[in-house]
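Hello,

Here is the structure I promised to pass on to you. Have a look at it first, and then read on for what turned up.

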Amino acid sequence: MYVLELAGQDDRFAAAEAATAASDVTPIAAGLATARGLDDGFETLSFTHRAAEAIGRTDASVESAVALLEAATVDRSGTVAVRARDVRSTTGIDTQAAERALGDVLVERGFAVDLDDPDHVLQALFAGRDGASAVGPDGDPGIDRSADPDAGVCALGWLAAETDRDFADRQPTDRPFFQPGSMDPALARALVNLAGGEPGATVLDPMCGTGGLLLEAGRVGATPIGGDVQAKMVRGTRENLRALLAGPWHLYRGDARRIPLADDSVDGVVFDAPYGRQSRIEGDLEGLVADALTEARRVADRGVVVGDRSWAAAAEAAGWTVEATFARRVHRSLVRHVVMLR
Ligand SMILES: C[S@@+](CC[C@H](N)C(=O)[O-])C[C@H]1O[C@@H](n2cnc3c(N)ncnc32)[C@H](O)[C@@H]1O
């Protein structure tokens, strides 16, 4: 069993992404989830920081954490360090006191402490229940409320894997071709994972804009295929992919209502549909997205559609099954709606 430390503010969204690279992901408290196993693509996750091999779980006090560690068997040797966190500042715990007290338990067991380069890192994750309410009433996976629902938790575990958040320090403005409204790379990475991006897979974005989703698809090891109706966007995306991606990719200029690919030829489709306030859309937006969803369904059996409104009903009308929907506030006047499709 593993404990996952989630990133961002929406645990349901983070858990859905984590479920693409871990099994039985179950939120347990604000910013924390458990998982039964980790899969290969774990390090590409965007909204998970790290995973620890679970020792156990208790209430959110230093005394309880110490008691848990004292009772645990530790079949490890080498040097250790303890890292305590007050996840999202939800418990107000004194993390330094927690690190000292838990460190003392390990020293008593004969471990040497090495803060710079330890062989093993013991993680003590203190988290309140509050953020867990981010999981909606229809939320699946739901909250495990087997412990006292009012108390916070402390999850103890040995650091097992960290995600490789190399996208987090790259901004769309640093790319050769940039346009206002380009998607944040962290969100693009998560959407690509939700659409099935992984080594060996092909991922299509038929409305690729500046190519942000294609870049992340390439970075997780998938082969990106992109199209856009505007020649300027295709040229710009080509510049971006040439500069920033080593592996193979394909681009075309074309209409998302007539994707130039054979039936069932890609593993996943992901697209950020035009927003109502964008002016360049010919014809009506509803008709365009409905037709694009039908075409997407023809070429793939997994997808993610994003927009300034939920395209869930249009997706169902196009033959998709809606797996989950999420609403993510970008700024005061823009909420991005994410719909996961099968
Ligand atoms: C919201 S933007 C995508 C933004 C992109 N995610 C990014 O980070 O740059 C939508 C894109 O859809 C394209 N588009 C609009 N109508 C289209 C159509 N019928 N077929 C293909 N692309 C279309 C627009 O040219 C625009 O680049």
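Let me start with Tyr 2: if neighbours within four places in sequence are set aside, Tyr 2 is in contact with Ala 33, Thr 34, Ala 35, Arg 36, Gly 37, Leu 38, Ala 51, Ala 52, Glu 53, Ala 54 and Ala 160, where contact means heavy atoms within 4.5 Å. Tyr 2 belongs to strand E1 (residues 2-6); helices (H or I, at least four residues) and strands (E, at least two) are DSSP runs, numbered from the N terminus. The C-alpha atoms of Tyr 2 and Thr 34 are 5.5 Å apart, although 32 residues separate the two along the chain.

Some ground rules. This is a predicted model, in which local features need pLDDT of at least 70 and side-chain atom pairs count only at pLDDT 80 or more, while totals for chains, interfaces and linings use all residues. Residues are numbered from 1 along each chain as its sequence is written, and side-chain values use heavy atoms, with hydrogens and water left out.

**Hairpins**

Strand E3 (residues 26-29) pairs with strand E4 (residues 32-35) in the antiparallel sense over 3 bridges; two strands pair if DSSP finds at least two bridges between them. Ala 29 stands opposite Leu 32 in E4. The two strands form a hairpin with 2 residues between them, and Gly 31 in the turn has a positive phi of about 75°.

Another hairpin is made by E16 and E17, again with 2 residues between the strands. Here strand E16 (residues 322-331) and strand E17 (residues 334-341) are antiparallel and share 8 bridges. Thr 325 faces Val 339 in E17.

**The sheet and its helices**

E16 and E17 also belong to an open sheet of 7 strands with mixed pairing, in the order E13-E12-E11-E14-E15-E17-E16. Its edge strands are strand E13 (250-253) and E16, each of which pairs on one side only. From one strand to the next the twist averages 15°; angles run from 0 to 180 degrees between N-to-C directions, and axes are lines fitted to C-alpha atoms, for helices over the stretch in contact.

Within this sheet, strand E11 (residues 202-205) and strand E14 (residues 268-272) run parallel and are joined by 2 bridges. Val 203 has Gly 268 as its bridge partner in E14. H5 packs on the sheet, touching E11, strand E12 (223-228), E13 and E14, and its direction makes about 170° with that of E12. H6 lies across E12 and E13, running at about 165° to E13.

How do those two helices meet? Helix H5 (residues 212-219) and helix H6 (residues 231-244) pack at an angle of about 25°, with their axes 10 Å apart. That makes H5 roughly parallel to H6 (angles under 35 degrees count as roughly parallel, over 145 as roughly antiparallel, 65 to 115 as roughly perpendicular and the rest as oblique). The crossing of H5 and H6 is right-handed: a crossing is left-handed if the near helix is turned anticlockwise from the far one by less than a right angle, and right-handed if clockwise. From H5, Leu 214, Leu 215 and Arg 219 meet Thr 237, Asn 240, Leu 241 and Leu 244 of H6.

On to H4: the axes of helix H4 (residues 185-194) and H5 come within 8 Å and cross at roughly 60°. The crossing of H4 and H5 is right-handed.

**Helices H2 and H3**

Helix H2 (residues 62-71) and helix H3 (residues 95-108) have axes that come within 10 Å and cross at roughly 20°. That makes H2 roughly parallel to H3. Val 62, Ala 65, Val 66, Leu 69 and Glu 70 of H2 make the contact with Ala 97, Ala 98, Ala 101, Leu 102, Val 105 and Leu 106 of H3. By class, this contact has 10 nonpolar, no polar and 1 charged residues (Ala, Val, Leu, Ile, Met, Phe, Trp, Tyr, Cys and Pro count as nonpolar, Asp, Glu, Lys and Arg as charged, and the others, Gly among them, as polar).

**Aromatic pairs**

Rings of Phe, Tyr and Trp (its six-membered ring) pair if their centres lie within 6.5 Å, and planes under 30 degrees apart count as stacked, over 60 as edge-to-face and the rest as tilted. By this rule there are 2 aromatic pairs. The rings of Phe 13 and Phe 47 have centres 5.5 Å apart and planes at 70°, so this pair is edge-to-face. It links distant parts of the chain, with Phe 13 in helix H1 (residues 11-18) and Phe 47, 34 residues apart from it, in the loop between strand E5 (37-38) and strand E6 (48-59).

Best wishes
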